[in-house]
Amino acid sequence: HSRALQASRVLLDGREVEKEYDYIVVGGGTAGLTVADRLTENGKATVLVVEYGQLSNSPSITTVQGGFSGMSDTQFLYDIQSVPQSNLLNRTIAVLAGKVVGGSSAVNAMMTVRAAAADYDGWGSFFGEGSHWSWNQLLPYFKRALNFAPPDEAVTKLANITYDTNFWGDTSSVYAGWPSFQYPGTTAQMEAFRGMPGAPFVKDSGSGEPGRSYARTGHHDRAISRWNYHLVTGSKVTRIALNGTTATGVAFVPVILAAGGIHSPQVLQLSGIGPRKLLSSANITTIVDLPGVGQNFQDHPMIQASYTYRRFNFRPSPNDLFLNASFAAWSEEVWASNRTGPNSIATGNAAAWLPFPVVSPRAADLSSALASQNNTLYLPPGTDQTVAAGYRAQMLLHAAALNSNHTAFYNLVLTGGPTNGILVDLHPLSRRTVAIDTADPYNREPRVDYRALSNPLDAAIMADLVRFTRRYHLENPLTTSWAAMEMAPGLETQTDEQFAAYLAETLSPSEFHPAGTCAMMPRELGGVVDQQLRVYGVERLRVVDASVFPTLPGGNTCQPVYAVAEKAADLIRYGASKGVEQPC
Ligand SMILES: Cc1cc2nc3c(=O)[nH]c(=O)nc-3n(C[C@H](O)[C@H](O)[C@H](O)COP(=O)(O)OP(=O)(O)OC[C@H]3O[C@@H](n4cnc5c(N)ncnc54)[C@H](O)[C@@H]3O)c2cc1C
């Protein structure tokens with residue numbers, strides 16, 4: 001950085017890139033833009049972000065209402081289908097990931113949640129005592145990551161919102177808040193969990209400003225005014241240049257790989273870092289034999305459990321947006337005039353996250369079944385011993401979590417209307433894979449195998465998640481007056497075997513939360529990066545994105561990605577020895 005860069009700007013062509021930078025960030029997505037913003041903040045370090053997608057102000061990205069417009073616009077998504085899923089009647093599944101400046105944070109459904117402390121303590125536990133990865137040590141970065149706008153008074157009252165500002169920050173340019181409108185039915189659906197014994201109600205929540213706030217608006221738009229920040233768009237990184245085992249980027253530059261859960265393992269494999277057998281079958285010379293790259297792939301399965309209420313007299317309801325022209329017109333009007341009203345609701349602004357013992361009467365039995373299971377039988381044949389050892393360590397953690405009230409397994413998204421939402425398994429046991437397509441590794445998208453339901457206990461756990469949802473709707477004193485009808489799976493589905501058959505037909509193995517494919521675990525447990533997110537066996541190369549999560553947090557993944565990226569920026573700037581920086 002002895003030499004001034006041309007003024008900060010977006011470069012439309014790789015040929016405009018300078019010869020030297022202090023850091024190169026591969027992927028201008030959620031994590032990549034966060035790190036690039038923080039590293040250039042001091043006005044000294046020079047950073048180039050290389051992003052395959054384009055900068056866009058399309059309404060698909062900026063529209064809030066419903067939360068689905070980004071994920072429905074294929075120009076901002078990679079075009080990937082999974083391999084046929086043998087446990088899902090050979091169905092193939094669309095793999096959604098953002099391809100645009102801002103990455104998946106530009107197309108996601110905007111649900112903002114943090115998951116339980118125990119999930120993050122679990123991450124550090126793989127490294128033993130003294131790890132600097134834990135809830136307490138990530139909390140300052142959660143606070144730095146998002147700027148929390150408290151809910152307005154009317155909404156707070158109507159929806160019984162409670163929150164604790166001690167858990168939130170107010171410095172980030174990425175904002176999190178509640179919609180300025182709530183359907184009364186949402187409150188009723190939330191309150192009805194009081195009819196389910198043991199369901200905990202916690203204090204903290206969030207609220208505030210409408211609009212999509214994401215990595216591009218919160219980080220790129222800040223950094224673009226700096227001389228030391230460059231972003232090149234429309235440029236796909238196929239591999240990282242290595243000099244021996246040192247990443248050299250363009251010219252001896254430290255590289256931060258932030259291409260996301262699907263593409264970071266692909267880029268490593270194309271660079272000769274990954275499982276030797278896979279690389280040689282693609283004629284790629286192995287630089288570092290790292291069996292964990294592309295293994296340990298996790299995502300949250302979505303289960304269809306749908307109910308329609310015959311008597312749900314809460315109005316207005318989300319259906320009124322389609323059925324009641326004057327309500328729809330009013331919604332448009334208040335959104336246009338001051339960005340309030342129903343159109344400020346994305347998707348799922350209320351949901352339940354519950355521990356497994358609350359949901360399942362056989363939590364203790366399933367927990368011991370998992371602990372005593374020969375877990376590695378359910379990994380792909382030929383899985384490396386280190387990866388298998390890591391899987392065993394994770395399954396022991398999950399076995400304890402299954403019988404604990406300190407982490408959530410069950411997630412039901414509430415709609416506020418007479419049809420009910422999405423059911424999610426927060427800690428799936430099956431592990432998936434991402435691998436370069438050996439037939440044409442540089443030009444084809446990677447092969448994504450969800451290996452759905454490969455661990456048979458997943459189906460049993462999911463069956464209990466549906467059974468609980470059934471009880472919530474059909475046997476709950478607080479919901480009986482709604483006269484719910486079970487549309488799916490249908491009351492004839494009762495036994496574990498019937499549920500397994502139903503899941504084969506209908507399960508969606510992805511909530512678009514790909515993670516774990518470059519896991520932060522000890523190398524002897526199949527890890528790919530160490531606690532400073534440095535790739536084992538390679539100098540000057542870190543991975544910073546959802547792929548480093550060793551296990552999925554029990555919640556949507558965007559907020560944890562921001563927090564991990566904030567922490568990574570401090571690790572890169574100050575090193576681990578300086579300890580955790582407190583947010584200013
Ligand atoms: C449709 C959808 C809905 C979601 N809904 C929610 C939600 O409601 N709430 C929530 O919390 N989370 C949600 N998520 C998940 C969340 O958005 C992601 O977990 C998070 O944004 C991932 O961040 P990341 O940095 O790991 O990857 P990304 O943000 O995906 O960034 C990766 C970037 O790298 C780029 N890239 C990839 N390969 C290359 C290459 N070879 N060369 C150059 N650039 C490359 C990509 O184009 C992309 O911009 C959703 C995700 C999707 C896709």
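Figure 1. Helices (H or I, at least four residues) and strands (E, at least two) are DSSP runs, numbered from the N terminus. The model is predicted: local features need pLDDT of at least 70, side-chain atom pairs count only at pLDDT 80 or more, and totals for chains, interfaces and linings use all residues. Residue numbers start from 1 in each chain and follow the sequence as written. Ser271 is buried because 25 other C-beta atoms lie within 10 Å; a residue is buried if 20 or more other C-beta atoms lie within 10 Å of its own, exposed if 12 or fewer, and partly exposed in between, with C-beta atoms placed from the backbone. Not counting residues up to four places away in sequence, Ser271 touches Arg239, Ile240 and Leu242, where contact requires C-beta atoms, placed from the backbone, to lie within 7 Å. Ser271 and Ile240 are 31 residues apart in sequence, yet their C-alpha atoms are 5.5 Å apart in space.

**Figure 2. The two positions that the unreviewed UniProt entry annotates as "binding site", Val100 and Val237.** UniProt positions are given in the numbering used here, feature names are shortened, and annotations may be inferred rather than shown by experiment. The annotated residues are spread over 138 residues of sequence but cluster in space, with a largest C-alpha distance of 14.3 Å. Val100 belongs to the loop between strand 5 (94-95) and helix 4 (117-125), and it is buried, with 28 other C-beta atoms within 10 Å. Beyond its neighbours within four places in sequence, Val100 is in contact with Gly53, Gln54, Ser56, Phe76 and Ala106. Val237 is placed in the loop between strand 8 (229-232) and strand 9 (242-243). Val237 is also buried, with 21 other C-beta atoms within 10 Å. With neighbours within four places in sequence left aside, the contacts of Val237 are Val26, Val50 and Val267.

**Figure 3. Packing of helix 1 (residues 30-40) against helix 18 (residues 558-574).** Two packed helices are described by the angle between their axes and the distance between the axes. Here the axes come within 8 Å and cross at roughly 35°; axes are lines fitted to C-alpha atoms, for helices over the stretch in contact, and angles run from 0 to 180 degrees between N-to-C directions. The crossing is right-handed, that is, the near helix is turned clockwise from the far one by less than a right angle. On the side of helix 1, the residues that meet helix 18 are Thr30, Ala31, Thr34, Val35, Arg38 and Leu39. Their partners in helix 18 include Cys558, Val561, Tyr562, Ala565, Ala569 and Ile572. The contact comprises 11 nonpolar, two polar and three charged residues.

**Figure 4. Helix 8 (residues 215-223), largely enclosed by the rest of the structure.** Seven of the nine residues of helix 8 are buried, namely Ala215, Arg216, Thr217, Gly218, His219, His220 and Ala223. Helix 1 and strand 8 are among the elements that cover these buried residues.

**Figure 5. Backbone geometry at Pro316, Pro489, Met110 and Leu533.** Most residues other than glycine have a negative phi, and most peptide bonds are trans. Arg315 and Pro316 are joined by a cis peptide bond with omega about -5°, and Pro316 is in the loop between strand 15 (306-309) and helix 11 (320-323). The bond from Ala488 to Pro489 is likewise cis, with omega near 5°; Pro489 lies in the loop between strand 21 (484-488) and helix 17 (496-506). Met110 has a positive phi, near 70°, and sits in the loop between strand 5 and helix 4. Leu533 has a positive phi near 70°, in the loop between helix 17 and strand 22 (541-543). Met110 counts as buried, with 23 C-beta neighbours inside 10 Å, and Leu533 counts as buried with 23 such neighbours.

How values were computed: Contact = placed C-beta atoms within 7 Å. Nonpolar A, V, L, I, M, F, W, Y, C, P; charged D, E, K, R; others polar.
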